[in-house]
Amino acid sequence: MTAELIDGKRIAKEVLEGVRAETARLPSAPGLAVIIVGDDPASHVYVRTKERTAKGVGFHTEKIELPADCGEARVLEEVAKLNARDDIDGILVQLPLPPGINTLRVMAAVDPAKDVDGLHALNAGMLSQGSGDLIPCTPMGCLLLIKSVIPDLTGMHAVVIGASNIVGKPMAALLLGENATVTQCHIHTRDIRFVCRGADIVVSAVGKPGLVKGDWIKPRAVVIDVGTTRVPDGKGGYTLKGDVEFDEAVKVAGAITPVPGGVGPMTIACLMENTLAAYMARRERAAAAA
């Protein structure tokens, strides 16, 4: 048996086509601003992709580049400027931030109404209560991929490997909202293989290549691999590896995401959806207050 490959590129394209069509009907373009601090090559690649995609769906985009040694106060100053601008609907601070800059303080400074990453404590709290429009992009993308295979998750047992604020915790909340039974695993989980073997859905978001072996997977389970780690290819370059030992898991699972081409495109597509949602919500509130 060979698992069905879940085509994140195709599903992301469908999402982006919907955003593009909706944007074309708006009186003005949604504005997305990205702050990037330092010269991490991977971060700059991600930001260029986000900029290109945003322009492709008709958004106005801006990029604020800061040196790694700029200090936290400078980052907070730039966030405050973007918060005050009416033409900017979404603010994204590219992570990770350099040492010495407190990520939680920076995230807390972003206007929750413009928090298109969905990482502000207010938006995280609303998600935990089953409400809110700005949901972290990677978990939302994962959910869309899962539902492309299993439209109704009621009663399914889902295992989430990883408990970060960016992916693991919001992923568990989204799955609970879909009436799945959720087990959250982390570095201290005992006998994680046994836990995964009982799962209908496995989502791994750890960043440890090859962590999840084929014999961890229940036959016909849906496997979503969020991990994307750069591994030297022996030729002076690198290749991307996921958390899942793909060649093993593909022989057992019912459906699985590849790396690359699975979760990555969905993260960016959901960022565009969030920016559009932020644009609409901000204008609805302004009209109601007028």
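The model is predicted, with local features needing pLDDT of at least 70 and side-chain atom pairs counting only at pLDDT 80 or more, while totals for chains, interfaces and linings use all residues. Residues are numbered from 1 along each chain as its sequence is written, and side-chain values use heavy atoms, with hydrogens and water left out.

I then took the strands β5 (residues 157-161) and β6 (residues 181-185), which pair in the parallel sense over five bridges. Strands here are DSSP runs of E with at least two residues, helices are runs of H or I with at least four, and both are numbered from the N terminus. Two strands pair if DSSP finds at least two bridges between them.

I followed the chain from β5 through helix α7 (residues 168-177) to β6 and noted a right-handed β-α-β crossover. Right-handed means that, with the strands pointing away from the viewer, the path from the first strand over the helix to the second runs clockwise.

Is β5 mostly covered or mostly uncovered? I noted that four of its five residues are buried, so to speak mostly covered (buried is under 20% relative accessible area, exposed over 50%, partly exposed in between, with a 1.4 Å probe and protein chains only).

I checked strand β7 (residues 201-204) next: four bridges join β7 to β5, and the two run parallel. The bridge partner of A158 in β7 is I201.

I wrote down the open sheet of six strands as β1-β11-β8-β7-β5-β6, with parallel pairing. β1 (4-5) and β6 are at the edges with a single partner strand each, so one side of each has no neighbour in the sheet. Helix α7 packs on the sheet and touches β5, β6 and β7 (contact means heavy atoms within 4.5 Å).

I turned to strands β9 (residues 229-232) and β10 (residues 238-241), which run antiparallel and are joined by four bridges. V231 has T239 as its bridge partner in β10. The hairpin of β9 and β10 has five residues between the strands, and G234 there takes a positive phi near 80°.

Conventions
Axes fitted to C-alpha atoms, helices over the stretch in contact; angles between N-to-C directions.
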